[in-house]
Structure formats: structure tokens, C-alpha cells
Amino acid sequence: MKNIFTKLILLLIATLCVGLNHSKSQDNEEVYGKNRIQYRSFDWRYYSSPHFDVYYYQGGQKIAKHVADYIEDEYNRITDIMGYAPYIKTKVFIYNSDLDLTQSNVGIKEATFDVGGQTNFLKTHVEIAFQGSISDFEDDLIYKISKLFIDDMLFGGLVSEVFQSTYLFTVPEWFVNGIAAYIAYGWSAEMDDFVRDYLSMNNADKIKKLSGKEAMLAGQSIWNFTSEKYGRINISNILNLTRIIRNEEKSITNTLGIPYRAFLSEYRYFYLNSASEDEMMKPERRKQLSKPWKKDLLYKSTFSPNGKYLAYSINDHGKFKVKLRNITNGKEKTILKGGIKRLDDKFFENLPILSWGDSATLGVVSHERGVNLLYLYNPYTKEMQTRDLRRFDQVNQMDIYPNGKTAVISANVNGQSDLYLVSTG
């Protein structure tokens, strides 16, 4: 019996020693999650600051160092607007390209819960890919961090807190996504154009039914109005009261001292009163080319130089099609499709990239099995050629010369954006 007890003690000590050694190794390198479909491995390193751990891999050290400094500088501004600061450090994972982000394993082992048939994830980190523009990258990073802080503020980070909060308290999308967008972008032309157009055709109370980007833009406009009309200090007051009484409409009423319907009326008047008649005019319906495009899909389009063809792409959360329409006879065909539909936000919104050279050369940049590719399509001969662009982490923009033989490409290599000449002949 004594021998058995002694062996158990020795086994426990050995286990503790292994655990300590393992925990020390986490300082420089960590392995996260189980495998999704991956075409490369990520050797993660990180910079640590008082409020963040910023992770990067080969080629991303420079941008990661910039991020670590930048978000520490922004931390006080974000938490000051919210009137709340998280209790633990936030992990930020920096990817050199969106193509790498789609292969992410981070967060696969995080807890999930199901409410009303919808699976939700307990987010404890931020993932973001560098897309070539440092200013856009910084804005999107602040949006993601602000969204994470707001979720933590309203719903808590523990599984038990999330279950309790979700069943007893729900807020419309505009409330959470909108404040994150306001903190990141402030006033923006895209937001202003959207809200004027939307309010000219809808009552303000219908905003609570919006979802996705429309909900974000509407919410951004509401928080911008609140700041302009009642002062920025009332944003944190509304958020913290909502956290306590679990009702965003009552929080707005009690904080600002006006009925919620009166608040919406003021908000609508604020945006529509300054709009000119020219801004409110709509295109004639008879000039509509085809049926309205679905709002939850991403579209891009470009005409051939001779005006005979319209090429356009449809991106459905990462799964895409490229279609070619003959303007003369109205016939349409799919010339390329690919990608994988994602249920999360880890897909590259900018792909596929379209550019005409001459009217017989349509260039399309996409990717397959982790490799960037340039497709060259001739609408007259129906021939498709392919060029390998694997030397680029990510392609951001493309412009093919009129002769169709050379393309100028804006692309990222090791976390840095530059211009490159690529032969298409």
C-alpha cells in the first residue's frame, strides 16, 4: 500500500514538472486548434504589451510590431468611449493575407453554445489579415477590437454568463455592431449615403430588423447622431445602463430624458433635413439592367472597352462566380467559379478581382488550393489561360494594359504592399 502511495506521489510530481515545462514554452510558440483545410503551417510568435498579445508568423513581424504599438495607443480612446475595459489581455492574430486567414485554426476549440438553432462562438481573440492599405487595416482592427470589448461588456466572457445573458437579454444588431463601427470609423461617407437612402424610404424603427453590413451602417449613424446631438459622454452612459437594466430602448430613454420614439424622430430628421433634392433622386426603373441583386451577396462589375460585354462577380461568403453578359442580346454565362462558403467572416471580400485589357482579354484574379492565380478569358474564342501568382501573399488590385499583354498588380509580399509588372502574354 505504501509503495502504491509513493508511486502516485512520484507520478503527480512528474506530471506537474511536465506541465511547468510546457507552460514555459508558450512564451515563444503556441499551437492553436485542430486542422481546417490548410496549405501551409504557421509558426506563431508574439509581441506582448500591457493590454494585448499580438501574434504573427514569418513575414509579419514588421506589421505586428506596428500593431502592438498602435493598439496600445488606441486602447484608452476605445475604453473611454465605451466606459468599460476588459479584465484580461486580448489576443490579436495578424495574417499576411486573407488567403492565409481562411486557413486559420485559431478558436476551433473554443466553447460554442446554441440559441434558437443558431450556433455561437465565445470569442476571446481577434483575427485580421493585412490587405495592403495600412489606414484601412488600422480602422478594421479597431472595429474588431471594439466589437470584442462590447460583447464582453454586455454578455460576459464565461459560458454561464453568456447562457444567462442570451436567454434573458438580446439587443438588435445595430446596437452592438454600430457602436464598434462608430469607434473605428466615426462619421463616414458610406454610412451617410446609406442612412439617407434608407430613411427616405423607411421608418427609423425598422432599423432593428436589419442585419449584416446594413445593420452596422445604420447603428454607426445612430451613435454618430447621439454623439453630435447629446455629446459623446452619453454613449458610455447608454452602454453601461444597458448592461445593468438589459434593455437598450429604456437605456436611451432614461439617459437622454426623451421617449425612444422621439429619439428616433430626431435621428431621422437629423439626416434627412440636410439632404438636397438631387441627393434623394432615384434612378429611373426602366434603366435597370436586370433583377435587383441580393443584399447579402457581394458584387463587382466592369464593362469591356468596346461596351459589348459586362463582366461581374458574385461573392457569397467566400464562394464566388464570375459571369459574362452580352449587352446586345442579353445572353449570360458563368466563365469561372470557385472558393468555399464560410459561415464566419474569414473570407476575402475583394476576390475575385476583375480587369479588362482590350475587349478580347478579361483578367480575373482568384485562388485555388492556397495559390493565387490569374485567369485570362477571351469572350470571342471562349479560351481560358492561367498564370501562376504564387509568389504573392495576396493580390489587392489589378490593371491590364490596353494591349492585353502586361498587367500592373498591387500585391502583398511578407506583409508589405508594392506594385508589380506581370506578363499576361
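**Exercises on salt bridges in a predicted model**

The side chains of R196 and D192 form a salt bridge, with N and O 2.5 Å apart; the term requires a side-chain nitrogen of Lys or Arg within 4 Å of a carboxyl oxygen of Asp or Glu. The model is predicted: local features need pLDDT of at least 70, side-chain atom pairs count only at pLDDT 80 or more, and totals for chains, interfaces and linings use all residues. Residues are numbered from 1 along each chain as its sequence is written, and side-chain values use heavy atoms, leaving out hydrogens and water.

**Exercise 1.** Determine where R196 and D192 lie and whether each is buried or exposed.

*Solution.* Step 1: both residues belong to helix α7 (residues 189–201), 4 residues apart, which is about one helical turn. Helices are DSSP runs (H or I, at least four residues) numbered from the N terminus. Step 2: R196 and D192 are both buried, a term for under 20% relative accessible area, with exposed over 50% and partly exposed in between (1.4 Å probe, protein chains only).

**Exercise 2.** Describe the salt bridge between R77 and E74.

*Solution.* Step 1: its N to O distance is 2.7 Å. Step 2: the two residues sit 3 residues apart in helix α2 (residues 61–82), about one turn. Step 3: R77 is partly exposed at 30% relative accessible area, whereas E74 is buried at 16%.

**Exercise 3.** Classify the partners R325 and E332 by accessibility.

*Solution.* Step 1: their closest N and O atoms are 3.2 Å apart, in a salt bridge. Step 2: R325 has 16% relative accessibility and is therefore buried. Step 3: E332, at 35%, is partly exposed.
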